[in-house]
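Here is a short report on one protein model. It covers strands, aromatic rings and nonpolar cores.

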Amino acid sequence: MRRASSAGTPRPRSGQPEQLGFAGMPERLFTCTPSKLGAYADCPRRYRYAYLDRPAPPKGPPWAHNSLGASVHTALKNWYALPVDRRRPEALPALLKGTWVREGYRDDEQERAAYQRALGWLEGYVATLDPGDDPLGVERVVAVKTAVLAFNGRADRIDSRPGPDGPELVIVDYKTGRTGLDADDARGSQALALYAYAAERTFRRPCRRVELHHLPTGTVAGHDHSVESLNRQLSRAEDTARDIMAAERSVTDGVDPDEAFPTVAGPRCGWCDYRRTCPVGAQTPGREPWSAIDRPATPVVD
């Protein structure tokens, strides 16, 4: 794919005929995941760097908090892969060591402390679980198509729980960030709502409950959606998709990519993988890859 500017976003070559569509043909669906939609909502420039520019700009170094989160998520996935009689706290050290991602830490001392902290989170969390309960899905991909979206996403866990009219599904998302969460976070999460919308259509069971399980504080932040609130979140996602497709078309029509995908400057710039590439982000002091690890957790009561 040709690079048409120093930013790397492709433009059509002049002098070549434009491919014409056919009248009445449906507009293409926008293929997306929660992270893809979230990247654009946070900063269109970051979206462009991650999903459009080819070759993509180089990322910064790996983040220790991402390594920590990935290690814990995979350990919990492997916990449920064990036979029921082996789902005991004694299995956790081996599970965590087997999934441990070492990238991004300041030094061995910080990494060892993070490992012990993560092990404590896991031990506290599995103590709340019934080893005999098997979720309907663990790291399960759910997908759905609408008039605008071809959505797919991987839910950390999908539970089946008794409801007033039969089994109902619950979306569970593990969180390891250093800030506690509350019910407003669960209610406002577009990702969780889209998982619920897709899971309901994948499994043909009601799915309205979404939960954020915050391992550092041992709290659960939950929300019960209505049909209307799920549809509102879906409409928001479709609006974002339309904005992205309009921006892409404008670049094809000759608009400067920097204008079509502007930078949204703010505190997130210091954490952005593309801060060094972005002219605006480069003016923001960068965070050290390990700096999020040592911030204290804030307990939150749901």
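Which residue in β6 is the bridge partner of His213? The partner is Val220.

The model is predicted: local features need pLDDT of at least 70, side-chain atom pairs count only at pLDDT 80 or more, and totals for chains, interfaces and linings use all residues. Residues are numbered from 1 along each chain as its sequence is written, and side-chain values use heavy atoms, with hydrogens and water left out.

**Strands**

Helices (H or I, at least four residues) and strands (E, at least two) are DSSP runs, numbered from the N terminus. Two strands pair if DSSP finds at least two bridges between them. Strand β5 covers residues 207-214. β5 pairs with β4 (residues 166-175) in the parallel sense, over 7 bridges. Tyr174 has His213 in β5 as its bridge partner. β5 also runs antiparallel to β6 (residues 219-224), joined by 6 bridges. β5 and β6 make a hairpin with 4 residues between them. Gly218, in the turn, has a positive phi of about 65°.

Buried means under 20% relative accessible area, exposed over 50%, and partly exposed in between (1.4 Å probe, protein chains only). In β5, 6 of the 8 residues are buried, so the strand is largely enclosed by the rest of the structure.

**Aromatic rings**

Rings of Phe, Tyr and Trp (its six-membered ring) pair if their centres lie within 6.5 Å; planes under 30 degrees apart count as stacked, over 60 as edge-to-face and the rest as tilted. The count comes to 10 aromatic pairs. Two of the pairs are tabulated here.

| Pair | Centre to centre | Angle between planes | Class |
|---|---|---|---|
| Tyr49 and Tyr274 | 5.7 Å | 50° | tilted |
| Trp63 and Trp271 | 5.4 Å | 50° | tilted |

Tyr49 is in helix α2 (residues 44-51) and Tyr274 is in the segment after α9 (257-260), 225 residues apart. Tyr49 is buried at 4% relative accessibility. Tyr274 is buried too, at 6%.

Trp63 lies in the loop between α2 and α3 (64-81) and Trp271 in the segment after α9, so their pair ties together parts 208 residues apart in sequence. Trp63 counts as buried at 9% relative accessibility. Trp271, at 24%, counts as partly exposed.

Tyr40, Tyr47, Tyr51 and Phe261 form one aromatic cluster.

A charge sits over a ring if NZ of Lys or CZ of Arg is within 6 Å of the ring centre and within 35 degrees of the ring normal. The charged end of Lys36 sits over the ring of Phe30, 4.8 Å from its centre. The charged end of Arg201 sits over the ring of Tyr197, 3.6 Å from its centre.

**Nonpolar cores**

A nonpolar core is a set of buried Ala, Val, Leu, Ile, Met, Phe, Trp, Tyr and Cys residues joined through side-chain atoms within 4.5 Å. The largest has 41 residues. Residues with the most contacts inside this core include Phe30, Tyr47, Ile171 and Phe261. Elements that each supply at least two of its residues include β4, β5 and α8 (227-252). Helix α7 gives the largest share, 9 residues.

A second, separate core has 28 residues, among them Tyr80, Leu96, Tyr174 and Leu215.

Thr240 lies in helix α8. Thr240 is buried, with a relative accessible area of 15%. Contact means heavy atoms within 4.5 Å. Not counting residues up to four places away in sequence, Thr240 touches Leu37 and Tyr40.
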